[in-house]
Amino acid sequence: MDYIPLGKTGLDVSVAGLGCGGNSRLGLGAGHSEAQCVALVRAALDVGVNYFDTAENYGTEAVVGQALAGIERDSFVVSTKTQVLKSGERQTPAQVIDCLDASLKRLQLSHVDVYMLHAVKPGDYEYARDVLAPALGDEQRKGKFAHLGITETSPNDPHQDMLKRAVHDDCWKVMMFAFHMLNQGARRDVLPHTLTNGIGTLMMFVVRNIFSRAGELQTAVRELAAAGQVPAALAERDNPLDFLVHEHGAATLTDAAYRFVRHEPGAEVVLFGTGSLDHLHSNVASILRPPLAAADREQLAELFGHLSGVGLVLPDRSK
């Protein structure tokens, strides 16, 4: 495993981080037992993953807590989150603090390393910064968490308008946001500022549906071509990104997706979600491989660098 400083937090974290939400939810999304999910988290520890990202609304905090019970506390890093909005109403500071306490109880931890306000919409940003962040600062001083962070709601904020403001406020030490091969806006709007200000970064939506579900990429590219946003010739290919898979390139589309994000300047933790031990090992292997060929990276930038909001869909909770 490779490790990297998480911004200026003082935390050394694995470049591969286990995301405990998404479609898989450690396997709960596929009907796996809690015991199987606990085994998955421990398998991640065994291959050197030390960053685990969960949230109250993922429903996986208790699983993560079981898996980490008895493990030396300074050998892993945990982040969890609560949303500003619940049932359409803004949470009060007291309610957010209750959520923090409940998360700690489910995780069986006295503190988490990063506590984040989750899926913050642009219209709620000032409330998060000016009302909730100061209240959480009091809890931070009590030792309940080490660093305050914020995450975007990618499907509802495709141009990252919230983060364009947040990167200039010093209360946020960690940020979680979308970045992938067809959604590169953070390279222009977010990452230069996180680098300058020493903000830790957690990269999400790296693979998700667009690169993992049959037909999703082809459909997206056809729609982009019809709108004149990518060359029409791409829409005629069975695999629009087949130029990435070659002898000296990526082994698979998923491999390319992980390597593309991992080696982007300013990208620190690449979050991956899975309920499969085989996928856990293959995902980590991809994240640890060298960068994509320079020519392939240049072609990705030329074809898709101008796009925003592509391939950002909420997890499917219907299963």
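Colleague: Before we look at rings, when do two of them pair up?
Modeller: Rings of Phe, Tyr and Trp (its six-membered ring) pair if their centres lie within 6.5 Å. Keep in mind that this is a predicted model.

Colleague: Fine. How many aromatic pairs does the count come to?
Modeller: By that rule there are 3 aromatic pairs. One of them is formed by Tyr115 and Phe145, with 5.9 Å centre to centre and 40 degrees between the planes, a tilted pair.

Colleague: And where in the chain do Tyr115 and Phe145 sit?
Modeller: Tyr115 is in strand β8 and Phe145 in strand β9 (residues 145-152). They are 30 residues apart, so the pair links distant parts of the chain.

Colleague: Is Tyr115 buried or exposed?
Modeller: Tyr115 counts as buried, at 0% relative accessibility. Phe145 is buried too, at 3%.

Colleague: Can you show me another pair?
Modeller: Phe179 is in the loop between β10 (174-178) and α6 (186-189), while Phe260 belongs to helix α11 (residues 253-262). That puts the two 81 residues apart, another link between distant parts of the chain. Both Phe179 and Phe260 are buried.

Colleague: Tell me about α11, then. Why is it described as largely enclosed?
Modeller: Because 9 of its 10 residues are buried, α11 is largely enclosed by the rest of the structure.

Colleague: Which residues of α11 are buried?
Modeller: Among them are Leu253, Tyr258 and Phe260, and also the charged residues Asp255, Arg259 and Arg262.

Colleague: Speaking of arginines, what does Arg208 lie over?
Modeller: Arg208 lies over the face of Phe205, at 4.1 Å from the ring centre.

Colleague: New topic: where is Asp124 found?
Modeller: Asp124 is in the loop between β8 (112-120) and α4 (125-141). Its relative accessible area is 10%, under the 20% cut-off, so Asp124 is buried.

Colleague: What is Asp124 in contact with, leaving aside neighbours within four places in sequence?
Modeller: Asp124 is in contact with Val84, Leu85 and Arg90.

Colleague: Last one, pockets. What volume does the second largest pocket have?
Modeller: About 150 Å³. Its lining residues include Lys8, Thr9, His147, His168, Asp169, Asp170, Trp172 and Lys173.

Colleague: How does the lining of that second largest pocket divide into nonpolar, polar and charged?
Modeller: The lining has 3 nonpolar, 5 polar and 4 charged residues. Val167, Trp172 and Ile199 are the nonpolar ones, and Lys8, Asp169, Asp170 and Lys173 are the charged ones.

Methods:
Residues numbered from 1 in each chain as written. Predicted model: local features only at pLDDT ≥ 70, side-chain atom pairs only at ≥ 80, totals over all residues. Heavy atoms only, no water. Helix = DSSP H or I, 4+ residues; strand = E, 2+ residues; numbered from the N terminus. Buried < 20%, exposed > 50% of the residue type's maximum accessible area, 1.4 Å probe, protein only. Contact = heavy atoms within 4.5 Å. Phe/Tyr/Trp six-rings, centres within 6.5 Å; stacked < 30°, edge-to-face > 60°. Lys NZ or Arg CZ within 6 Å of the ring centre and 35° of its normal. 1 Å grid on protein atoms, 1.4 Å probe; cavity = no way out; pocket = protein on both sides within 12 Å on 5 of 7 lines; lining within 4 Å. Points joined across faces, edges and corners; volume = space filled by probe spheres on them.
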